[in-house]
Amino acid sequence: MAKKVWKAGTFIYPIPAVMVSCGDMEKSNIITVGWTGILNTDPAIVYISVRPERYSYNIIKEKKEFVINLTNEDLAFATDWCGVRSGSKFDKFSEMKLTKEKANYVEAPLIKEAPVSVECRVIEEKTYGTHTTFIAEVLCINADEKYIDENGSFDISKCDLIAYANGGYYALGEKIGKFGYSVEKKKKTKPDKVKVVPRNAKRKIKENKFLEKESRNAKLIPRPRKKANRINDKPIRRKKNKHSL
Ligand SMILES: Cc1cc2nc3c(=O)[nH]c(=O)nc-3n(C[C@H](O)[C@H](O)[C@H](O)COP(=O)(O)O)c2cc1C
């Protein structure tokens, strides 16, 4: 079937739906943001795009700081709620029973319940139309210890992260490959050791089998008992024959 052509839009899915915390420990807010992502690896530069009419907009513009909190299945409800209710009317932390945690570099609180919280400082703003894009450097990443194993590796598969696509929230499915798996060389399987069979092996096996059978049969036939040399279970002392040599 041919593809339908639609007018221009932003149909690039799936995307993360993150909870951005802003403000400070006293007066804070959470805004759900889908327009977010990575701009550069090193230095780590990320962005969030926020409409000026959002309550959070002025807070972020003023403070020039925010925290991107990743969301998981446990946070799906709060993620949606913080995306349809305004901080101008609600204290989103207390309404959603979320815990504020002090950040390392920014005044905005981390959301304790989030598996990962990324502390960001705004370095640039760009407005293209509906949204202002806050471009920010990453100051540090706070990863929940419960997903870190004894070797110090963060197991992202255990976070139950969610994605957003075209109006819906989705749980991430099974991991189906790892970076570069498409070009990875297949591990060679060791060939089975070849047994060298001596020429007369068959005959020997036959002989052994015969002997085995024989010895088994022999065991079945009761052996003639030795003459008892015990009386009432006491060993009999044979008298030495003086004349015997
Ligand atoms: C899944 C989802 C994604 C959203 N993404 C954005 C976004 O990228 N930018 C934005 O300005 N608003 C976004 N919104 C809407 C805001 O989160 C919403 O208007 C919120 O109530 C604003 O909160 P505030 O007024 O407390 O700042 C999103 C909402 C949802 C549910």
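Which residue stands opposite G37 in strand 4? To find the answer, start with how this model was made. It is a predicted model, in which local features need pLDDT of at least 70 and side-chain atom pairs count only at pLDDT 80 or more, while totals for chains, interfaces and linings use all residues. Residues are numbered from 1 along each chain as its sequence is written.

Now look at the strands (DSSP runs of E with at least two residues, numbered from the N terminus, just as helices are runs of H or I with at least four). Strand 3, residues 36-40, runs antiparallel to strand 4, and 4 bridges join them. Two strands pair if DSSP finds at least two bridges between them. Here G37 stands opposite Y47, and a hairpin of 4 residues links strand 3 to strand 4.

Step back to see the whole sheet: 7 strands form an open sheet in the order 2-1-5-8-9-4-3, with antiparallel pairing. Strand 2 and strand 3 are the edge strands, each pairing on one side only. In a regular strand the side chains alternate between the two faces of the sheet.

Finally, visit the ligand. Of the 21 residues around the ligand, W35, Y55, S56, G83 and G87 come nearest; a residue is near a molecule if its C-beta atom, placed from the backbone, lies within 6 Å of it. Strand 2 (28-33), strand 4 (45-50) and helix 1 (55-63) each supply at least two residues of this shell, and strand 2 gives the most, with 4 residues.
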